[in-house]
Amino acid sequence: MERGTFLYGLWALVVAGMFTGATYYGYSPLADGGRATLGGAMYGPTHK
Amino acid sequence: MLAEMASEPGPDTVAAAPPAAAAASTRALSCPACGGAIEVRAAGYTVTIVCRYCSSVIDVANPEARLITKYEEAVQELEIPLGARGTLRGVEWEVIGYLRRSEHGSYGWEEYLLFNPYYGYRWVITNGRGWSFGEMLTRAPDWGVGGPALDGQSYNPFFSNGQAQVDYVLGEFYWRVKVGEEVATDDYVRPGWMLSREANESEISWTLSALLDPAEMEGAFGIIAPRDAWPPLPHQPSPYARPLKAAAKIGAIAALLLIVLAFAFGGSTLLYDNNLPVTFDGQTRTQTLGPITVTRPWQMVAIRADAGNIDNAWVDLDYTLVDRATQETYESYGLAEHYSGSDSDGPWEEGSRDTTAKVAMVPAGTYDLVVEYSGNLWTSSSYSYGGGGYGGDVRISVSQGLVFPSNVIIALVLLLLPLLFLFLRHIRFEKARQGESDVGATGLAGAFSGSDDDDDSGTDFSDMFSTADD
């Protein structure tokens, strides 16, 4: 196997791994929202 | 490339191949011009020989070795000395002749005649950018679609209607070679191979040349052959073609795997839904919905708002998921809107009454969804924040899932980028290779070429990936 082909295979594994990891964690860099950073809205107890 | 035979077959016949007999012997002559001792290495086959001392061309066929002509030009230093021996493709060859040829003084190239008493004659040919190993054919190729075919392999036209002349000659040959003799040439190529046709008024000959790896010439004759010559040789295979094919297969398998995974984990589970009454008065209201329990260790939470039948109005929605246990918050927002009207172009409408916000990486737990929202009216002349009444309900639905569709697209793009890079490099290589062709660019290179451009003209995507070393 040529070096370039091997490297691309490795790259494909990395991409598939990243996709699987993102799926497991429910992550996307293009998500509409996520955990609030510091300075975000603060709420007290929202339930009884 | 090629040489005519001393015999004279009809104009449509293929010239007989040079002798490949197993019984050749050496013979010594004295140059009639300078008296120098000359060794004829392929005695019995050699017709003319050039004196290594005074460059006189001698007719070996004449028992008295009659002097034919004499060149004033001094013997030049050859890259491969005559008499040198080297092993190419498993056979030891001796260099016995040298020709320098050109297209009427332009596009020069050099040909070295090799001899082995058991295998006959071969050629090594160079134009300074690489070396080829040629063998004269004993048969004419078939004629396939658009070009000749040999042993089931088709060849594409590359150079056509050329006129090759001999500019300089040294050594011994199997035909009566002389400076200035011309043949009509046509060359056909496939990756790694060139099929050359040479014709004069009396015969046609074909030569098949294999592109030599620089390491082969270095191993055989100690020649440091150029690597990565630019522009590429006519029959030089694209170094990107094979990796591109292999990578495309890998990429297709990986893409298929991603799509299967996306479908396998692409479903969602509805966790909660409720209605929010909306008044179009521009006032922000807050409503806490829940509880919403998500069970997986991590997930994407999708919050969908459907504003029903609103028109010329919009509803701003700010969401905050609040973990009841830790008070950690996860924020997002949405905008449900719809506008319509009529103008000189007729009726129009735009906007979407439902909107979905996807919140990433929400850990397992029980959450409240705090929604801050406001309803607003719009008129064609101005915004209106008040005066509106009850606008109906906005239905809020919360679901959990795993796969962001955007992740699938990002992964596919990441898989595709190296392929695109290889593809554009391949196209660039092919355009440069075919740039010297008399028939113009064909195939993918032709498809990606502008009208009668060359590799240096204009801008195209393949040039984006050029490097200085090219």
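Predicted model: local features only at pLDDT ≥ 70, side-chain atom pairs only at ≥ 80, totals over all residues.

Residues are numbered from 1 along each chain as its sequence is written, and chains are lettered from A and ligands numbered from 1 in the order in which they are written.

**Exercise 1.** Find how many residues of chain A are in contact with chain B, and which element of chain A gives the most.

*Solution.* Start with the count: 30 residues of chain A are in contact with 43 residues of chain B (in contact: C-beta atoms, placed from the backbone, within 7 Å). Next, look at the elements, which are DSSP runs numbered from the N terminus: helices are H or I with at least four residues, strands E with at least two. H1 and strand E1 (34-35) of chain A each give two or more residues to this side, and H1(A) gives the most, with 14 residues. Finally, sort by class: the side has 15 nonpolar, 12 polar and 3 charged residues. Here Ala, Val, Leu, Ile, Met, Phe, Trp, Tyr, Cys and Pro count as nonpolar, Asp, Glu, Lys and Arg as charged, and the others, Gly among them, as polar.

**Exercise 2.** Work out how H1(A) is oriented relative to helix H3 (residues 405-434) of chain B.

*Solution.* First, take the axes (lines fitted to C-alpha atoms over the stretch in contact, with angles from 0 to 180 degrees between N-to-C directions). Those of H1 (residues 3-25) of chain A and H3(B) come within 10 Å and cross at roughly 170 degrees. That makes H1(A) roughly antiparallel to H3(B) (an angle over 145 degrees; under 35 counts as roughly parallel). Now find the residues: among them are A:Trp11 and A:Phe19 of H1(A) and B:Leu414 and B:Pro418 of H3(B). This contact divides into 10 nonpolar, 2 polar and no charged residues.

**Exercise 3.** Which strand of chain B pairs with E1(A), and in what sense?

*Solution.* The partner is strand E21 (residues 329-343) of chain B, and the pairing is antiparallel over 2 bridges (strands pair if DSSP finds at least two bridges between them). To place it, find A:Gly34, which stands opposite B:Glu331 in E21(B).

Notes: Parallel < 35°, antiparallel > 145°, perpendicular 65-115°, else oblique. Contact = placed C-beta atoms within 7 Å.
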